[in-house]
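Thank you all for coming; I would like to walk you slowly through one structure this morning. Please have the sequence and the model open while I speak.

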Amino acid sequence: MKEHESLRQLLPLAAAGVLGEEEQLRVERHARECDNCRHGLETWRALSRDLRRLPQPVVPARLVELTRVRVLQERTVAETRHQDELLLVCLALFSGISSSAVWYLLRLLFGSGLSVLGVDILSWTTWLAGSTVLVWASAAAAAVALGNRHRELRRALL
Ligand SMILES: [Zn+2]
């Protein structure tokens, strides 16, 4: 009974011939023994045959070409976005490394005390806070510039 319920749900797929070989055989074996499923399978096969006889819609060649171009455009936009994200990550890494190098050089030149407006800018915490603010501001500016570029690219492609 349990197999009857589970195989009964597969009858439309079996009639359409889209099941795997093993499942198809299971359904057909069960249908030979179960009147209810055999009748269901015959009904679904008749429906499937009738559906295949209906005229198939013809897709206009222009629609196919437009869809193909659109897919290529979307792929181009996605690849450009990926490259831009990679560029942003590289810029952030470069910025962090160069900031650390400048801090290290200034420490070598001036020792530990370089005061600007009463703030020791070579202290580790002050430098980190300042460079973090600069990195985030640069990243925001780059993100805005890249966003504008994406909008222009989309406009050009559409
Ligand atoms: Zn059955």
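This is a predicted model: local features need pLDDT of at least 70, side-chain atom pairs count only at pLDDT 80 or more; totals for chains, interfaces and linings use all residues.

Let me start with a question: in which helix is the place of Leu47? Leu47 sits in helix H4, where helices are DSSP runs of H or I with at least four residues, numbered from the N terminus.

Residues are numbered from 1 along each chain as its sequence is written, and side-chain values use heavy atoms, with hydrogens and water left out.

Staying with Leu47, this residue is partly exposed, with a relative accessible area of 42%; on this scale buried means under 20%, exposed over 50%, and partly exposed in between, using a 1.4 Å probe and protein chains only. The C-alpha atoms of Leu47 and Ala16 are 9.2 Å apart, although 31 residues separate the two along the chain. Ser48, also placed in helix H4, is buried with a relative accessible area of 13%. Leaving aside residues up to four places away in sequence, Ser48 touches Ala15 and Ala16, contact here meaning heavy atoms within 4.5 Å.

Now to the metal. The zinc ion has as its protein donors His4 through ND1, His30 through NE2, and Cys34 and Cys37 through SG, lying 1.9 to 2.4 Å from it. Donors are N, O and S atoms within 2.8 Å of the metal, or 3.2 Å for Na, K and Ca, and since water is not among the atoms, sites may look incomplete. The angles among the 4 donor atoms run from 101 to 124 degrees, and the site is tetrahedral, a label given to four donors when all angles lie between 85 and 135 degrees. Along the chain, the donors follow the spacing H-x25-H-x3-C-x2-C. Because His4 lies in helix H1 (residues 2-8) and Cys37 in helix H4 (residues 35-53), this pair ties together parts that are 33 residues apart in sequence. Both His4 and Cys37 are buried.

Let me turn to how two helices meet. The axes of helix H3 (residues 21-33) and H4 come within 6 Å and cross at roughly 120 degrees, the axes being lines fitted to C-alpha atoms over the stretch in contact, with angles from 0 to 180 degrees between N-to-C directions. That makes H3 oblique to H4, since angles under 35 degrees count as roughly parallel, over 145 as roughly antiparallel, 65 to 115 as roughly perpendicular, and the rest as oblique. Among the H3 residues that meet H4 are Gln24, Glu28 and His30, and the H4 residues they face include Cys37 and Leu41.

Finally, Glu22 in helix H3 is exposed, with a relative accessible area of 65%.

Key. Four donors count as tetrahedral if all angles lie between 85 and 135 degrees; four count as square planar and six as octahedral if opposite donors are over 155 degrees apart and all others between 65 and 115; anything else is irregular.
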